[in-house]
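This report describes one protein model in plain terms. Please look over the sequence and the structure before reading on.

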Amino acid sequence: MKTFATLLAAALLSLAAPSADAKGCLKGAVVGGVAGHYAAHHGVLGAAAGCLYGRHRANEQERQQERQQSQQSQHQAPAGQDKM
């Protein structure tokens, strides 16, 4: 129960803090903390691993979106010209 209270307090404090561009970390930490708590009573370790994985996934998705946007901009015809 201490672990859950610690995770809850950390999540609330991080939400109250100014945005630090931690996409994916909070969601991953919550999921990892719960999974770690129920799997082996290692909620803090699970939260840390979940945060790292969530941040990694968020970075991958951001890179993929940037690639798609750059590909779309390369395939567009220059202004004033039509595609054939």
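Glu 60 and Arg 57 form a salt bridge, and their closest N and O atoms are 3.2 Å apart. Side chains of opposite charge can pair when their charged atoms come close. Both residues belong to helix α3 and are three residues apart, about one turn of the helix. How many salt bridges does the structure hold? There is one.

## Overall layout

The protein chain has three helices and zero strands. Along the sequence, the pattern reads α-α-α. Helix α1 covers residues 2–16, helix α2 covers residues 25–40, and helix α3 covers residues 43–75.

Of the 84 residues in the protein chain, 15% are buried. The chain exposes about 6900 Å², and carbon and sulfur atoms supply 61% of that area. Among contacts with a separation of 6 or more, 45% are between residues 24 or more positions apart.

## Confidence in the model

The average pLDDT of the protein chain is 79, and 75% of the residues score at least 70. Which helix has the lowest confidence, and which has the highest? The lowest is helix α1, with a mean of 68, and the highest is helix α3, with a mean of 89.

Where pLDDT is low, the predicted coordinates should not be read in detail.

## The disulfide

The structure holds one disulfide. It joins Cys 25 to Cys 51, with an S to S distance of 1.8 Å. The two cysteines come from distant parts of the chain: Cys 25 is in helix α2 and Cys 51 is in helix α3, 26 residues apart. A disulfide is a covalent bond between the sulfur atoms of two cysteines.

The link of Cys 25 and Cys 51 is left-handed, with -95 degrees about the S-S bond. Are these two cysteines buried or exposed? Both Cys 25 and Cys 51 are buried.

Gly 28 lies in helix α2. With a relative accessible area of 13%, Gly 28 is buried, because buried means under 20%. Setting aside residues up to four places away in sequence, Gly 28 touches Gly 50 and Cys 51. Gly 28 and Gly 50 are 22 residues apart in sequence, and their C-alpha atoms are 4.2 Å apart in space.

Gly 46 has its place in helix α3 and is buried too, at a relative accessible area of 15%. Which residues does Gly 46 contact, leaving aside its neighbours within four places in sequence? They are Gly 32, Gly 33 and Gly 36. For Gly 46 and Gly 36, the separation is ten residues in sequence and 4.5 Å in space, C-alpha to C-alpha.

## The loop between α2 and α3

His 41 sits in the loop between α2 and α3. His 41 counts as exposed because its relative accessible area is 63%, and the limit for exposed is over 50%.

The phi angle of His 41 is near 60 degrees, a positive value in a residue other than glycine. Most residues other than glycine have a negative phi. His 41 and Thr 3 are 38 residues apart in sequence, yet their C-alpha atoms are 8.5 Å apart in space.

## A nonpolar patch on the surface

Val 30, Val 34 and Tyr 38 form a nonpolar patch on the surface. Together they have about 330 Å² of accessible area.

Tyr 38 is part of helix α2. Is Tyr 38 buried or exposed, at 67% relative accessibility? Tyr 38 is exposed, because 67% is over the 50% limit.

Note on methods:
Residues are numbered from 1 along each chain as its sequence is written. This is a predicted model: local features need pLDDT of at least 70, side-chain atom pairs count only at pLDDT 80 or more; totals for chains, interfaces and linings use all residues. Side-chain values use heavy atoms; hydrogens and water are left out. pLDDT is the predictor's confidence in each residue, from 0 to 100. Helices (H or I, at least four residues) and strands (E, at least two) are DSSP runs, numbered from the N terminus. Patches are made of residues with over 30% relative accessible area and no salt bridge: like charges are joined within 9 Å, nonpolar side chains (Val, Leu, Ile, Met, Phe, Trp, Tyr) within 5 Å. Accessible areas come from the Shrake-Rupley method with a 1.4 Å probe; for residues, only the protein chains shown count as cover. A salt bridge is a side-chain nitrogen of Lys or Arg within 4 Å of a carboxyl oxygen of Asp or Glu. Buried means under 20% relative accessible area, exposed over 50%, partly exposed in between (1.4 Å probe, protein chains only). A disulfide is a pair of cysteine sulfur atoms within 2.5 Å. Contact means heavy atoms within 4.5 Å.
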